Structure formats: C-alpha cells, structure tokens
Amino acid sequence: LQSTVGENRWLQGHLVQLLLRHCDARGAARWAQHCQVPPEMLPWAVAEELQKLHIQDRVEEVKKADNYESSKKKDYYQLPIPRENIHFLQTWEETLQCWEKVLQPGQVVGVDMEWKPSFGMVGKPRVALLQLALKDEVFLLDLPRLLEQAEAEGEKEKLPHFIQMLYSDAAITKLGYGMCGDLSSLVATCSALKDVEKQMQGVVDLLAVDKQVDGLAPEHSHEKKGVRQPEKGLSLLVQHVLGKPLDKREQLSNWEKRPLREEQILYAASDAYCLLEIYERLCKDPESFGLGSDLTESLVGKQSKKPRAKKKLNKLEAPSPSGQECQGPRTEPSWPPAPISPQEFSVVCDNMLQGLGRYLRCLGVDVRLLDNEDDHRKAAEIARQEGRVILTSGLPYQTLRSQVGEGRCFSVNCSEKAKEQALQVLKHFNVQVSPSDIFSRCQ
C-alpha cells in the first residue's frame, strides 16, 4: 500500500476514507500520521484521533527507544562491528575503494542482495542493493544509482566487469544463501552478467550446507524466549549456528526508496555479515552441527560446465564430495618430486588435523599444530614466515591455498584415520621414512 499510494495526496486521502469506513478512526489516523497528511484534508473524527496520537506518541517515544534497543539486543543477532564501518556507496569514486579491498586474494566475502517486494509480479525483480561484507566492514552498493552514473559516463560495462571479477576469482571465497536466486535477479538488473553463473569459482552457498545442519541444540532453542513466529531460511540457520535469529522486520520494505532508513541499513549489513560468522563457526567445529569434516560439497564451482570425461584417479587425486575436482591451480606436480627425509619436511597442521600432526611428528616430521581457538588463516601466516607446507581440509583449503605459493597447501581427507592421512601426505610429497626417523623428535 505504501508503495502504491506513494506521495500522491489524492490517493492518501482516499485510503484514509476507506480505512475509516472499514476499520476505525484510530487505524485511519495511524495511516494519516505515517503519510504526514495535513489535518485539513482529514475527516473530523480522524483529525481528532490524530491529535490524541501525537500526544500519546510523545509520552511513549523515550520509553520505546530505550526498550527497543535492549530487547533487540536480547532477542536478535547483533552486528559485531561499529556503525561507522558500514558504508553506503552511491558514487564510483567510493565504489572503487570498496573493490580494491574486496578483490584481494584470500579474501572471504559475504554477499547478499535486496530488492523491492514484487507481489504477484511476473519475472525477476531488479536488485536495488548489493551488500559485500568483509571481516571488519560492510559495503552497501546502491546499484540503480551506480548503473545510472556509469551509463551517463558511457561506461556501462564498469559494474558487470567488477562483479564478474569477483565471482570468477577462485582465490576469493564468496559466501551466500540461495545464490542462484540472487544471481538471476542480478542478471535481470544487468543483462551483461548473463554468463556470470558459468564462470563462478570459489563460491560457497550456505543454503546447501543448511540442509545438512542438525536441529537446534537445547542451549540454542528460542521457543521459550517469546519469538512470535517460527524462524526459517537464513534466520533459522543463524539461530542454529550463532544462537539468535535475524531480525527480519525490514525484509519486505521498499529497497528502492532513498534515502534508506537506519533500520534498513542495519538489516542489510547484518544479512551479509552473518554469513562470515556462520562460515567461520561451521569450519571451526563442523561435527557439533552434524556436518562432516569436509564441507567442500557445498562449493558451487563451475556447475554449468559439462562434466569432463573421468580420468583414472589415484588416491591423492580423489574428487571433492560433489564429484567435481577442486577449482584453481593444481597443487599436484606433473612429475614425482625428489625424495626427501622427514627432517627436511616441515608442515603446519590446521586445528581439525591434530591427530595427523601428532602421527607425522612420531615419524620425525617437523610439525606445528594450530590450537583449537586459532583462526585457520593463522596457518598461512606461519607457513609464509617459516617456509612450511599447510595441511588442511574442507572449506579452509579454498582460502589458504591462495595465500601461499604453488604446491604449499594440501587438502587431506578428514574421513580417513590419522595413519591413512599420513600415508597420503608422505606419498604426495615423496617423504621417505627410515626406521631411525621414528620417534627421532621429542613427543
């Protein structure tokens, strides 16, 4: 109704009359107040109710503001970054600075989109807002304004070029929820992006992971906390993994209307940023959510491409659970590397592979283990500083391999026992173990 009536005073007045006839003066007065209809345009009964509402609202305003913030923090997911780190971008000068930060190898980006609700409309809606979340900040791109500006400058290909760069870069992990639907709306907004789905690499759709996540743990249950409606979709996944649902009150607001309200800005930023926190939590402790250690089955990769003829694989070249080989540069050398002793081989093991690390250390390998609370990215930092090979598994492999040199990151099958994993690693890097190497390092 708000979108249909808009700023048209005649339609606003007509709606007030209809409301007065079909509900009551107070309901009509609420709408008149919302649209700021002048009192002289209103029927006497509605004008009188409007005056009462003004007095009542002034009394309740301060109390509501205090209660709203405290109840919101208690019941819903909250952004962990300060408000000044959320940037609403409407010019290309601002947007170029955003792309410089986003298009970095090893970056993990939460991607979401918003559009104006289209009840009963045929076809896909046009995207009004593109959200890109990094670890410390969120960028909200005003797509209609940016496309308009690019067209005026005769550079229509500018925006599709950046979006294609983002989605096709295997070194950048893109997180989304129901990304196919988002991308089809993006294509409806900008037809130059029609092939972007075929070029996608390094994309993780958390909707695919969501289908495998176990039900609510008792400590995460919100049934007794007075949440009025059952959660669904991304909000339910946020509740499962992070303990509180998203506040979805702004979901169906008009995302094309400018300026955006503060509530819309916070909602849009939360929708994109929560993807980063879910991904991090699931990678750190997949078993507690009923997931296998290897989460690569949720990777979209290049789905649209026809499958290649299967070649004979040895154990080290096992495909990912989705049946596709990992995208990006191969770490497998084209010929066997020269044999080395365990003393010449140094590795850093991700915290999900501590059993493997201990086993390799028993064989004389120089091993560093990440602690349980360490972020996966610490492995890349250690590997660069100390010249070590990273041993990891699942989703973190996509991020870590782009941060170290060719062949310096190896993905281990987490479903295997430590001994089988160790044999894989030794064979891959041609490490020759002799009896004198066993227990040669302090345990």
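Predicted model: local features only at pLDDT ≥ 70, side-chain atom pairs only at ≥ 80, totals over all residues.
**Close-up 1. Trp-99 and Phe-162, two buried rings that pair up.** Phe, Tyr and Trp rings (the six-membered one for Trp) pair if their centres lie within 6.5 Å; planes under 30 degrees apart are stacked, over 60 edge-to-face, and the rest tilted. Trp-99 sits in helix α5 (residues 92–102) and Phe-162 in helix α7 (residues 158–168), so the pair ties together parts 63 residues apart in sequence. Helices (H or I, at least four residues) and strands (E, at least two) are DSSP runs numbered from the N terminus.

Close-up 2. Phe-345 comes from the loop between α11 (262–284) and β7, Phe-429 from the segment after α15 (418–428). Phe-345 is buried at 3% relative accessible area, and Phe-429 counts as buried at 13%.

**Close-up 3. The two sides of α13 (residues 377–386).** Ala-379, Ala-380, Ile-382 and Ala-383 are buried. They share a side of α13 because they cover an arc of only 165° around the axis (using directions from the axis to the C-beta atoms). On the other side, Arg-384 and Gln-385 are exposed. Just after α13, Gly-387 takes a positive phi of about 65°.

**Notes.** Residues are numbered from 1 along each chain as its sequence is written, and side-chain values use heavy atoms, leaving out hydrogens and water. Local features need pLDDT of at least 70 and side-chain atom pairs 80 or more, while totals for chains, interfaces and linings use all residues.

Methods: Buried < 20%, exposed > 50% of the residue type's maximum accessible area, 1.4 Å probe, protein only.
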